Amino acid sequence: MIKDNLPGISQFDLSGKSAVITGGTKGLGFAMAAGLASAGANVMLVSRNAGEAMSAAKNLAEAYGVITTSISADMTNESQAKLVASHAMLVFGKIDILINCAGINIRGPIDELSFKSFTDVMDTNVNGTWLVSRAVVPFMKESGGGRIINLGSALGLIGLANRTPYTASKGAVIQMTRTLALELAPFNILVNVICPGPFLTEMNIPIADTVETKEKILGATALKRWGQLKEIQGVAIFLASDASSYMTGSVLSVDGGWTAG
């Protein structure tokens, strides 16, 4: 049968899958959580803000009719990262998909930034990604596989002045992804990284109207505009689904052509 060998759109069905999304209450994290829920996945949202997490999870359950839950946790804390994984196992009994989306950005010239600013960004963006991945991997191994999707950035691939903490952290996430892909391939755990370009999220609102943003960021994209939140959903569903079963260690740019030039 053709459908057996070439299943087509059914490969994107996530019904019965369970997903953990850190930083999942707003911006790109919530958009990806909604995308997975729309494809049938049950989702757990992780945030430092318990109220936001509960509200966002409730909204997804009402909108898509899937099972949702939430947890308040600091992903940079080793014991709390472990709690994220154990809570997901308690609710769902398995973890099929992890999206590491929690992240922060502190901007400024290097000689005007404190060392704490640098380490805070690295702690959230790099250490948090590593800790939650480490907590989830044993459960994925036990169940025979899974998907880890990390959030890099176009700024992990190219440089931009006054962004040393963020660019360093996202470059590290990309390399972490490649290394984990090699390490976890024998266990059928596929690890890929999405590198968004300029999306108008809460993180970018403070710089939205600056000359630098209009000229060096939006002006540098082929499409000359901000990304819309819905435009991150397709790649998240793809990487979470069977449609990407022959991909690991890949870097997928969703950046309006920013890194093409």
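One aromatic pair is present in this structure, which is a predicted model. Its members are Phe 12 and Phe 238, whose rings are tilted, with 6.4 Å centre to centre and 35 degrees between the planes. Phe 12 belongs to the loop between helix H1 (2-5) and strand E1 (18-22), and Phe 238 to helix H8 (residues 233-240), so the pair ties together parts 226 residues apart in sequence.

**Aromatic rings**

- Phe 12 has a relative accessibility of 30% and counts as partly exposed.
- Phe 238 is also partly exposed, at a relative accessible area of 21%; the limit for buried is under 20%.
- A ring with a charge over it is that of Phe 187: the charged end of Lys 141 sits 4.3 Å from the ring centre.

**Ser 244**

- Ser 244 is located in the loop between H8 and strand E7 (251-254).
- Its relative accessibility is 1%, so Ser 244 counts as buried.
- The side chain of Ser 244 reaches the backbone oxygen of Ser 241, at a distance of 3.1 Å.
- With neighbours within four places in sequence left aside, the residues in contact with Ser 244 are Arg 147, Leu 190, Phe 238 and Leu 239.

**Ala 31**

- Ala 31 is part of helix H2 (residues 27-38).
- At a relative accessibility of 7%, Ala 31 counts as buried.
- Not counting residues up to four places away in sequence, Ala 31 touches Leu 229, Ile 232 and Gln 233.
- From Ala 31 to Gly 261 the separation is 230 residues in sequence and 27 Å in space, C-alpha to C-alpha.

**Packing of helices H4 and H5**

- Helix H4 (residues 78-92) packs with helix H5 (residues 115-143) at an angle of about 35 degrees, and their axes are 8 Å apart.
- H4 and H5 cross in a right-handed manner.
- On the H4 side, the contact is made by Glu 78, Ala 81, Lys 82, Ala 85 and Met 89.
- On the H5 side, the contact is made by Leu 131, Val 132, Arg 134, Ala 135, Val 136 and Phe 139.

Definitions and conventions: Residues are numbered from 1 along each chain as its sequence is written. This is a predicted model: local features need pLDDT of at least 70, side-chain atom pairs count only at pLDDT 80 or more; totals for chains, interfaces and linings use all residues. Side-chain values use heavy atoms; hydrogens and water are left out. Rings of Phe, Tyr and Trp (its six-membered ring) pair if their centres lie within 6.5 Å; planes under 30 degrees apart count as stacked, over 60 as edge-to-face and the rest as tilted. Helices (H or I, at least four residues) and strands (E, at least two) are DSSP runs, numbered from the N terminus. Buried means under 20% relative accessible area, exposed over 50%, partly exposed in between (1.4 Å probe, protein chains only). A charge sits over a ring if NZ of Lys or CZ of Arg is within 6 Å of the ring centre and within 35 degrees of the ring normal. A polar contact is a pair of N or O atoms within 3.5 Å; within protein, one must be able to donate a hydrogen and the other to accept it, and residues adjacent in sequence count only if both atoms are side-chain atoms. Contact means heavy atoms within 4.5 Å. Axes are lines fitted to C-alpha atoms, for helices over the stretch in contact, and angles run from 0 to 180 degrees between N-to-C directions. A crossing is left-handed if the near helix is turned anticlockwise from the far one by less than a right angle, and right-handed if clockwise.
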